[in-house]
Amino acid sequence: MATVAIPTNTSVLLLDIEGTTTPITFVKDILFPYIKDHLEDYLSAHWEEDECKQDVHLLKKQAEEDTRQHRAGPVHVLDQTVHTDEEKAIREVVDNVLWQMAADRKTTALKQLQGHMWRAAYAAGRIKGEVYQDVVPAIRRWRRLGLKVYIYSSGSVEAQKLLFGYSIEGDLLDLFDGHFDTNIGPKVESKSYQRIADRIGCPPEDIMFLTDVTREARAAEEAGVNVTVVVRPGNMELTEEEKSQYSLVTSFNQLEVPGSA
Ligand SMILES: CSCCC(=O)C(=O)COP(=O)(O)O
Ligand SMILES: [Mg+2]
């Protein structure tokens with residue numbers, strides 16, 4: 001695959017995680033199964049704690065929104081207020097979370113709870129965040145050239161910091177100037193990218209977004225952000241039309257910063 005020149009005006013690289021910096025298999029085969037295996041025990045152990053109560057509250061708000069939107073699933077209604085039976089209430093939360101995960105939903109409520117659950121696993125060394133080999137050297141190179149590097153993932157900011165803070169390559173948090181998650185808006189909506197540009201304090205045109213998902217790429221482009229689509233093993237196959245529409249790279253090494261050769 002050919003090299004892709006980063007536009008000369010670029011001052012910020014905005015990176016997706018799953019399928020871009022990190023193999024999809026790490027998320028699907030390690031992070032998500034951890035949640036499924038530990039969910040019920042986690043809720044039972046932390047049910048009375050403020051953080052867990054806030055997580056359940058957010059899930060309930062999301063379930064109410066889903067009901068308003070007629071987004072029916074096998075189990076999607078949480079009604080904690082009427083439950084005096086803790087076990088039953090926990091069961092409802094478990095069913096709701098598993099239903100959301102089966103649909104790979106990116107709701108802030110789901111992502112916040114997942115982030116809180118992974119904290120203990122990372123801290124105990126049971127999980128280490130995976131990053132592709134080309135990622136760290138490329139980011140260090142970009143930073144030496146004066147570019148800023150931000151993360152934008154559906155995973156909560158806390159989950160992002162855990163992944164990079166406890167990574168197979170050690171603590172990588174000093175590689176990033178900041179993190180964004182769905183609190184700024186969904187990754188498939190162009191307004192989210194406008195907000196990110198505002199928050200960083202630069203025009204959208206000065207940002208290059210790297211992602212594996214063309215719906216995200218399209219939303220970013222609509223906001224005026226430059227985009228390169230990252231093709232990694234196991235990523236969703238692109239259509240011929242998508243391949244012709246976007247600049248593609250299989251490694252960050254293919255991104256050339258003008259004047260740096
Ligand atoms: C960064 S934490 C785990 C990943 C995750 O939960 C997720 O939804 C990944 O979404 P992305 O926007 O990075 O593709
Ligand atoms: Mg992705």
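These are my notebook entries on a predicted model.

**Entry: the sheet.** I began with the strands. Six of them form an open sheet, with parallel pairing, in the order β4-β3-β2-β5-β6-β7. I looked at the edges next. β4 (178-180) and β7 (247-249) each have a single partner strand, so one side of each lacks a neighbour in the sheet. On average, neighbouring strands are turned by 25° against each other, direction ignored. I then followed β4 to its partner. β3 (residues 148-152) pairs with β4 over three bridges, in the parallel sense. Y150 stands opposite G178 in β4.

**Entry: helices on the sheet.** I looked up two helices. α7 (residues 190-200) lies across β2, β3, β4 and β5, and runs at about 140° to β3. α8 lies across β5 and β6 (226-230), at about 170° to β6.

**Entry: the magnesium ion.** Which residues coordinate the magnesium ion (ligand 2)? I found D16, E18 and D212, at 2.1 to 2.8 Å. E18 gives an O atom, while D16 and D212 use OD atoms. D16 sits in the loop between β2 (12-15) and α1 (24-46), and D212 in the loop between β5 (207-211) and α8 (214-222), 196 residues apart. Are they buried or exposed? D16 counts as buried because its relative accessibility is 4%. D212, at 8%, also counts as buried.

**Entry: the cores.** The largest nonpolar core has 56 residues, and L15, L43, W118 and W142 touch the most other members. α1 gives the most to this core, with nine residues. I checked W142 and listed its contacts, among them I6, L13, L15, F252 and V257. Another core, of 23 residues, lies apart and includes I200, I207, V229 and L248.

Note on methods: Residues are numbered from 1 along each chain as its sequence is written. Chains are lettered from A and ligands numbered from 1 in the order in which they are written. This is a predicted model: local features need pLDDT of at least 70, side-chain atom pairs count only at pLDDT 80 or more; totals for chains, interfaces and linings use all residues. Side-chain values use heavy atoms; hydrogens and water are left out. Donors are N, O and S atoms within 2.8 Å of the metal (3.2 Å for Na, K and Ca); water is not among the atoms, so sites may look incomplete. Helices (H or I, at least four residues) and strands (E, at least two) are DSSP runs, numbered from the N terminus. Buried means under 20% relative accessible area, exposed over 50%, partly exposed in between (1.4 Å probe, protein chains only). A nonpolar core is a set of buried Ala, Val, Leu, Ile, Met, Phe, Trp, Tyr and Cys residues joined through side-chain atoms within 4.5 Å. Contact means heavy atoms within 4.5 Å. Two strands pair if DSSP finds at least two bridges between them. Axes are lines fitted to C-alpha atoms, for helices over the stretch in contact, and angles run from 0 to 180 degrees between N-to-C directions. Lists of a residue's contacts leave out its neighbours within four places in sequence.
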